[in-house]
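Dear colleague,

Please find the structure below, handed over for your own work.

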There are 2 protein chains.
Amino acid sequence: MKTISSTSNELLKSFRKLKNRKERLESGLFMIEGMRLIGEALRTRAGMEYLITCPELVKSDYGRSLIGQAEKAGIEIIQLSPNAFMSLAAKEGPQGLLAVVVMQTVGFEEYARLGGVWVAVDSIQDPGNLGSVMRSLDGMGGSGIIILDESTDPFHPTAVRASTGAVFTQKIILSSTEELFEWKKEEQVHLVGTSCTTSQNYRKYNYPERMILLIGSEQKGLPPEYLDKCDAVVTIPLYGSVDSLNLACAASIILFEIISQHKPD
Amino acid sequence: MKTISSTSNELLKSFRKLKNRKERLESGLFMIEGMRLIGEALRTRAGMEYLITCPELVKSDYGRSLIGQAEKAGIEIIQLSPNAFMSLAAKEGPQGLLAVVVMQTVGFEEYARLGGVWVAVDSIQDPGNLGSVMRSLDGMGGSGIIILDESTDPFHPTAVRASTGAVFTQKIILSSTEELFEWKKEEQVHLVGTSCTTSQNYRKYNYPERMILLIGSEQKGLPPEYLDKCDAVVTIPLYGSVDSLNLACAASIILFEIISQHKPD
């Protein structure tokens, strides 16, 4: 295997561009880093285009076993010099493994097929929050996430890292609120909105087995016209001085209330 | 009032140093930014040493009213040119207000006096997580947070921002696990540990009104020798592929289970 050592190699340049959202959308690819995420991508048979490795930086048997797995799966392995590798790596303490993976998204028909609990996010700004929501959604056995309108990108490096692999296990729908509400009219879709001001306590609502939890932006929450279209709107009562919680924390509290209703034992 | 326009002014230099943890600890001061946090600091009568303002950047009546409040409270106001202000400001879209505030911490006797629900964090690394935990703790009506050993600093700018003011409402104890366990032996302290592997479901445990929830680091959780010293250890059952949740999300799920037991209606 040839080792690439020039940081201006064309392939490396194209990988580096994947830090940019527009380039990710155009190429349909995103980059992941570290053993944990790469292990999850291989385990879930995510469409891996390239496994990029720097043998000098791979210190563990597990890291080496991942290279072996990728080879067996027929994935192209690209070997880099430490210098070339570091020109791609974002993380401190690099583990010598990167991968370029195909973005996989699905359509609304996947909700109809799979059912279960989904989250729809409208105008979430922080990719770390989005990743943490995906992680909690996976943790409670959810099915997928619907990314609406101006929300941050689930394939943003920070979102992918914060998801700790949930980006590969959760189905992802990219859509608009308009489409969501159109589709809700046509199909049996139960939509539960969230708000900091309504009176329905999130613990008092009976969540159906098939549902979408709709979450608004960090700064503004959901606009009233979206709340009007929901089948119910729930809120987390607060007892201190803050008037809201971190978005990912609030989503997790509600998601784990839902699962504890669905699986009471 | 004299306007400082030199970025190399000695006072400004000393403020700029507060970005560094060592300097914060030595001076006992930290810096906060933005109208929301400064409003909370004034409302809770946090010890504000200086209010720093750049009139050209203060666009709202609320911002101007905060300056008036600070003046009335006898707080020293420092006026900066836009250039000098930007040399201190960390945030994009600065609101023209900064403040230098005295770190306020308390001792363990405050737990005995106040009671209620406290969180103790051991070796938390991420200041954003710590701030979000403080925000959720305030939101559920908690009393305070105990920062153990190598944990990140609650007065770190990211922690302060993520706390959305909870850094002023929650009592803060800086201590070591050794001291915590010593003190637990002497006093009636109910300690509930958290783990990803034990079998006690967090929803099945009856949390007392006075208690400390002990949380370990993002990477490793709590060491077994700490778990042994807890009165109970709870876990959040997971149903997907991820083997843990984001630390702040997990803490929030348990904290809101506790409050829903304490205030069932």
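**The contact between the chains**

The contact draws 28 residues from chain A and 28 residues from chain B, two residues being in contact if their C-beta atoms, placed from the backbone, lie within 7 Å. On the side of chain A that touches chain B, the elements giving two or more residues are helices H7 (127-139), H9 (166-169) and H12 (247-262) of chain A. H12(A) gives the most to that side, with seven residues. Helices (H or I, at least four residues) and strands (E, at least two) are DSSP runs, numbered from the N terminus.

This is a predicted model, in which local features need pLDDT of at least 70 and side-chain atom pairs count only at pLDDT 80 or more, while totals for chains, interfaces and linings use all residues. Residues are numbered from 1 along each chain as its sequence is written, with chains lettered from A and ligands numbered from 1 in the order in which they are written.

**The sheet of chain B**

In chain B, five strands form an open sheet of mixed pairing, in the order S1-S4-S3-S5-S2; two strands pair if DSSP finds at least two bridges between them. Strands S1 (3-4) and S2 (29-33) of chain B stand at the edges with a single partner strand each, so one side of each is left without a neighbour in the sheet. Strands S3 (residues 48-53) and S5 (residues 97-102) of chain B pair in the antiparallel sense over five bridges. Met48(B) has Val101(B) as its bridge partner in S5(B).

Yours sincerely
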